[in-house]
Amino acid sequence: MVLTLLFTTACRPAQTPPIEAEADPAPLRRLTTSQYNRTVRDLFEPAAVPLMSFPSEILIGGFENNAAANTASPAYVDAAHQAAVGISKALGEQLPILLDCVPVTEDCANTYLAELSKRAFRRPLEAQEQSSLQENFQAWASEYGPEIALQLSIQYLLQSPAFLYFPEYGNSNSPKNQETALTSWEVASRLSYFLWGSLPDATLFELAENNELTDRDVVIESAWRMLGTKRASEGLKEFTRQWLELDDIGNISVDFDLFFPGQDEEDVANHLHHTIYTAMLLEPEVLVDRVVFEKSGTLAELLTTTEVWTTEALVDYYGGELNEHVEPLLWNGIRYRENGLAEYGVDFRPIDLDANKRGGLLTLASMLHARSKPTHPSPILRGLFVLERVLCEHPGSPPDNLNTALPTAVSETGTNRDRYAAHTSNPACASCHNRIDSLGFAFEHYDVLGDYRTTDNGQPIDASGELIGTDQDGPFEDAIGLTQRLAKSRDVHDCFVTQVFRHSMGRLEVPSDEVELDFLANGFWESGGDIPELFVNVATSHAFRHIESTP
């Protein structure tokens, strides 16, 4: 029976932050879908809880945790209620795993709730909150018994704003719009959701309990410790998924007649969606994880490496053979779709790429497939991706009265590049598309599914282009030449800092962040693009540890 309750390790020193840096404006953030599911998983471990769906987050700057857009709504409140009910019901069937008493007694349940509430709120409860929780439990226990009362109390906690949101007040009663340092509890929460995507562990809670996380040196040590744990892979996975827009993978329709002639469409669709796309969804996450935690950890290697990890289903895209002498890496992932959630587990092994054909993230089959049309690659989508996610530049939308339609056909000997040449030949389009298409043409050697090709419509591929408007401007012959230029670019490294900052803070940068961002960017460049070091520097930055006071 269940009732429902409705409620609305120190490795390298971090940089010394600039004195001029300003505090975080600290908008009220809330748990994203992925953070929610990881949090309840860790909160109730070792019990198993179902994955829960919420309304799709609105992306700002490419990230789903932006506080400006993801506010409370009737749909979100209802989803939070349904999730709390579903989780409490699942836990009601596993109470012997959670509690030391069977059958459940009031004293045992109250002891469990006292500890659970502190972890759920990520801080000690205030006296009024504790009193309300206990009074509600006693009332429900009197009417329904302690077991149902415990389930209702879990629903109560999971629908509390203190669980669903990240309210931050800081250490002092400073006048409005003046800065204050975050409390140790608030720093623990920020660290944990930035680096792990979930709630703090026992060590962070202990440091917060002892008020040690107001000491920057302790935060530095904590950040390095956290990056050395398995949970760091999950935090990095969340950043990677959003930074690289991995949820787009598998969303385009493929022309079966063109790419799978004579094959049964249902069989092809099943193979694509359950095998190919599953591997593609996880492939970039694995590469980022391996480079960051097992190899050099640099952005340049991420963009140029010729050793990637892939699966039996994708190996034919790359040529060569998987390294069978290496133990397979079982990679688990969760994908968030409008129609629900899906969980995957796939074995990956390393493979050495042909350095003349591929290198780094941008030439993975998954990344290329996600930016294609059903019948042909899209230089526009591929070029825009590089421009926006790698260079942090946004060309904007075309004028409303501009005809942006592409020719549906080309001459008998025409190529995909010929089809898109209309953008650069039309003066109204050329100002933007000279740059976008030039980047996109670098990937013409890769078809809709990301497979390498040497000809298009019987003609040799022309993948040449020019990098324009950066510190590494110049011509390139193909994607390898482009990625090598990007890997040496200070602009690209600065953009990566901006992306990490946006993800860590749950907001876009504002003018007052300029000093902090310059400082972080200088450190990242001087470190050779060391990603773990950047994460530590962001986590120990002034903006990350201070907020504007809003009493």
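This is a predicted model: local features need pLDDT of at least 70, side-chain atom pairs count only at pLDDT 80 or more; totals for chains, interfaces and linings use all residues.

Residues are numbered from 1 along each chain as its sequence is written, and side-chain values use heavy atoms, leaving out hydrogens and water.

**Stop one: aromatic pairs.** A search of the whole structure finds 16 aromatic pairs (rings of Phe, Tyr and Trp, the last by its six-membered ring, with centres within 6.5 Å; planes under 30 degrees apart are stacked, over 60 edge-to-face, the rest tilted). Select tyrosine 36 and phenylalanine 163: they pair edge-to-face, 5.7 Å centre to centre with 75° between the planes. Tyrosine 36 lies in helix H1 (residues 33–43) and phenylalanine 163 in helix H7 (residues 161–164), so this pair ties together parts 127 residues apart in sequence. Helices here are DSSP runs (H or I, at least four residues), numbered from the N terminus. Both residues, tyrosine 36 and phenylalanine 163, are buried (under 20% relative accessible area; exposed is over 50%, partly exposed in between, with a 1.4 Å probe and protein chains only).

**Stop two: another pair.** Now pick tryptophan 243 and phenylalanine 496, edge-to-face at 5.1 Å centre to centre and 80° between the planes. Tryptophan 243 sits in helix H11 (residues 231–243) and phenylalanine 496 in helix H21 (residues 490–505), so the pair ties together parts 253 residues apart in sequence.

**Stop three: the loop.** Finish at aspartate 215, in the loop between helix H9 (202–209) and helix H10 (216–227). Aspartate 215 counts as partly exposed because its relative accessibility is 38%.

Key:
Helices (H or I, at least four residues) and strands (E, at least two) are DSSP runs, numbered from the N terminus.
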